[in-house]
Amino acid sequence: MKPSIRIRSIPWLRIGSLILFIAVWQLAAAFVDRQILPGPYQVLLSVIEHLERGELVFHLLATLARVLISFVFAMALGVALGIVMGRNRNWDAALDGVLILALNLPALVTIVLCYLWFGLGEFAAILAVAINKFPIVVVNMREGARAIDQDLLQVAKAFRLDWRKRWLQVYLPQLYPYLLASARSGLALVWKIVLVVELLGRSNGVGFQLGIYFQFFDITSILAYSFTFIAVVMAIEYLLITPLDRRLMKWRS
Amino acid sequence: MAILNMIEIDVSRKTYHRDHDQSELVVLRDIRFSVEPGQFCCVVGPSGCGKTSLLNMISGLDEDFSGSVIIDGGAPSAGPPPGYMFQASRLMPWLRVRENVELVTDDPETRVKIDELLGEIGLEDFVDAYPAQLSGGMRRRVALARAIINEPPLLLLDEPFLSLDTPVANRLRRLLIDVCGRRSSTVLFVTHDLREALYLADRVLFISSRPGEIVLDHLVDIQRPRTPEGEDIELLRLDLLKKNPQLLSGLVENGGNGNPGGTNVINHPHPDC
């Protein structure tokens, strides 16, 4: 009976910790100047106000579009190169140095250089984000490609499966855990970098707005924007990635 | 007659490179034999004598050896795909039992027969289970179903009934004889259980311990249908061992399950994945 009790208590722990967080926040806000730390209710009111004015949705969508495009771009190229490097020792040896360099390149450096080289445009912004995400995907997928079970590939070869079956039912399923891990960590990283890119060189998006409120010392609006965006990213995680994970990894349970 | 499946094997050497000291390990040497179409040929030998290597060469998986393997006058990879049951079950863990068998079939008519075949091997209640939910023995049965579902002209089986209990193994052996008879498949069946070999085979090839060489090529002339515990099989087995003591030494020294006089049943532990 023990496990079932433990499972049942998990949602309550989640909700409990959330309530505790809001309570501590409210308590702290009571002792500090409203300008410095607005309470949760004030922030909620601010969210509603920004939503009613419509500009929050506009900037949110601009940011989401950048997140989506750079995410897809970085994932597609990263997965392809990662698989190549994981399968082929020569490619791995040739590109490993560049990969380590790319991994250690500070995000700010790529952003500034992209803007300087390609101008303050959308292309430079998305490229900068993708370059930051790309090497992490490569490392992840290379690990996945190295862990491919040769015995199962032999089965595909012995039974002469066509390339579609070989790829979709034998090879790719072995990479799903790595793909999902890349997608998860990628989403979290990409949206943070998109905000910096917007702050430095775009005239819309959540990052751009945060820059303005920073200049006006409007902490309430900063928190309102931040929490809204966090909510959107969490929704993507719970409504998209978690169900996908559950579907693809069903055989493990 | 489109499919004959005459197998001609002429392998002078099969070696493996050992990574740790760069040395060469000769696993097979001077293996020359041919298998007639429709013949059920068992390969018996101690573990490590290169039986699995032999199957890999015949299946076309392994092309790195000196010599030749010719099936119906061509390379193994040129002919129709064989049914191959590996020593470990090698199922796709993300596919359900039925999907694992479906994976190797393209023909819609064959697909209809999958559930029937799974029923015949006693897995009717597990067609929608994932391999992780099955016991090792059940996974082997799925692997057998995958190997025979297409009723392939050439069937390669690598110790398929190892670690199954005797009644189940005997049922599967009968099923195998049925399937092979239906399509007169050519079969290469690796085992180190002599009794099993004599029950199933038209012919038994004995391979010595490493480097593996053929030490005896015996045609089994016991009439079918045979019974697995039949006296004629036991007599032939004792006779073979008496006349060829070197077989015995090979099997006992390296087989690990040597029990020359008595019951050499296939019930020893074996890692199965």
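The face of helix α5 of chain A that is turned away from its buried side carries the exposed residues Leu108(A), Leu116(A) and Trp117(A). Exposed here means over 50% relative accessible area, buried means under 20%, and partly exposed is in between (1.4 Å probe, protein chains only). Helices (H or I, at least four residues) and strands (E, at least two) are DSSP runs, numbered from the N terminus.

A word on the source: this is a predicted model, in which local features need pLDDT of at least 70 and side-chain atom pairs count only at pLDDT 80 or more, while totals for chains, interfaces and linings use all residues. Residues are numbered from 1 along each chain as its sequence is written, chains are lettered from A in the order in which they are written, and side-chain values use heavy atoms, with hydrogens and water left out.

Back to α5(A): its buried residues are Thr110(A), Ile111(A), Cys114(A) and Tyr115(A). Seen down the helix axis, these fall within an arc of 125°, so they line one face; the arc is that of the directions from the axis to the C-beta atoms. An α-helix has 3.6 residues a turn, so residues three or four places apart point the same way. Among the elements covering the buried residues of α5(A) are α6 (122-146) and α8 (163-201) of chain A, with contact meaning heavy atoms within 4.5 Å. Just after the helix, Gly119(A) takes a positive phi of about 85°.

Arg202(A) sits in the loop between α8 and α9 (206-215) of chain A. Why is Arg202(A) counted as buried? Because its relative accessibility is 18%. Its neighbours, leaving out residues up to four places away in sequence, include Arg66(A), Tyr115(A), Leu120(A) and Phe208(A).

Chain A also meets chain B, with 30 residues from chain B and 17 residues from chain A in the contact. The area buried between them (accessible area lost by both parts on being put together, summed, 1.4 Å probe) is about 2100 Å², and carbon and sulfur atoms give 63% of that. Two salt bridges are counted between the chains, along with eight residue pairs in polar contact, both residues at pLDDT 80 or more. On the chain B side, β5 (83-85) and α5 (136-148) each supply at least two of the residues that touch chain A.

| Pair | Type and cut-off | Distance |
|---|---|---|
| Arg202(A) and Glu122(A) | polar contact (N or O atoms within 3.5 Å, one able to donate a hydrogen and the other to accept it; residues adjacent in sequence count only if both atoms are side-chain atoms) | 3.1 Å |
| Asp106(B) and Lys165(A) | salt bridge (side-chain nitrogen of Lys or Arg within 4 Å of a carboxyl oxygen of Asp or Glu) | 2.9 Å, N to O |

Technical notes. Buried area = accessible area lost by both parts, 1.4 Å probe.
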